[in-house]
Amino acid sequence: MASEGPRPLVAGNWKMNGSLTMLKEPRLLAAMLKDVRLKADVMVCPPAIILRRVKSVLKGTKIKVGGQDSHWNPSGAHTGDISPEMLKEAGCSAIIVGHSERRTNHGETDETIQKKAKGVQRAGLTAIICIGETLEERKAGKTLEVVSRQLKGSVPENSDAAHTVIAYEPVWAIGTGLTPTTAEVAEVHAHIRKELAAIMGAEGTATRILYGGSVKPSNAAELMSQPNVNGALVGGASLKAADFLGIIKVYT
Ligand code: PGA
């Protein structure tokens, strides 16, 4: 049983994976989901270079397409960057910002992420804002403190539920096969819900909070059944249609 609350979202983050040969996976996923009644939104976030191709493969299906990162400005002298408006034009309805791989590998701070999230919202898209503690922070008992700081620092003022999704992704659970216990997930998600109410008021209640980090078909049902877990952000297991379907099926 999935938990109560806002309509869930299962989003697949392909990261820097995928080529034209991989277009068969979203095609397959769309075919598998064709006659399935879903109680969740489904999205794939491929690398920008193949976004339009994925979008065209998914035309007329219920699967949405999202971007993985964007600059905060709509256009300008920013070599190598992509704006939210450009991703919108390519067919995206949401963009992931603040993923821990961006925080770590590109030195992104909460301040940068807030600017990026604001840019996404300006374009009329949904910002999927990622937060989560490192293993050292968890071991030091600082998880809730870190999550609070990241939320306060990276969720833009006046955010609403339609344009904001929070993804709780413990850094140590990403790509490692490790996951927090269900009690740990429930604890952090309840804390995020409380903080969102303080930051966003009534909109905080309707904002989706995804869990991410080693979600796979074998653990999805248990993780998704926790209170305040309104879907998943899936990395590795979103690359193969059959695996991703195994997770999405929690919401049938
Ligand atoms: P994973 O990645 O599912 O491969 O652990 C999740 C993420 O980084 O969004």
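1. E108 sits in the loop between α4 (100-105) and α5 (110-122), where helices are DSSP runs of H or I with at least four residues, numbered from the N terminus. The model is predicted, so local features need pLDDT of at least 70 and side-chain atom pairs count only at pLDDT 80 or more, while totals for chains, interfaces and linings use all residues. Residues are numbered from 1 along each chain as its sequence is written, and side-chain values use heavy atoms, with hydrogens and water left out.

2. E108 counts as buried because its relative accessibility is 8%, buried being under 20% relative accessible area with a 1.4 Å probe and protein chains only. The side chains of E108 and K116 are joined by a polar contact of 2.6 Å (a pair of N or O atoms within 3.5 Å; within protein, one must be able to donate a hydrogen and the other to accept it, and residues adjacent in sequence count only if both atoms are side-chain atoms).

3. The ligand has 13 residues around it, of which K15, H99, E169, G175 and S214 come nearest (a heavy atom within 4 Å). A polar side-chain atom of K15 lies 2.7 Å from a ligand oxygen atom, and a polar side-chain atom of H99 lies 2.7 Å from an oxygen atom of the ligand. For G236, a backbone N or O atom lies 2.8 Å from an oxygen atom of the ligand.

4. Helix α7 (residues 143-154) passes α8 in a right-handed crossing, the near helix being turned clockwise from the far one by less than a right angle. The residues of this contact divide into 7 nonpolar, 3 polar and 3 charged.

Methods: Helices (H or I, at least four residues) and strands (E, at least two) are DSSP runs, numbered from the N terminus. Ala, Val, Leu, Ile, Met, Phe, Trp, Tyr, Cys and Pro count as nonpolar, Asp, Glu, Lys and Arg as charged, and the others, Gly among them, as polar. Buried means under 20% relative accessible area, exposed over 50%, partly exposed in between (1.4 Å probe, protein chains only).
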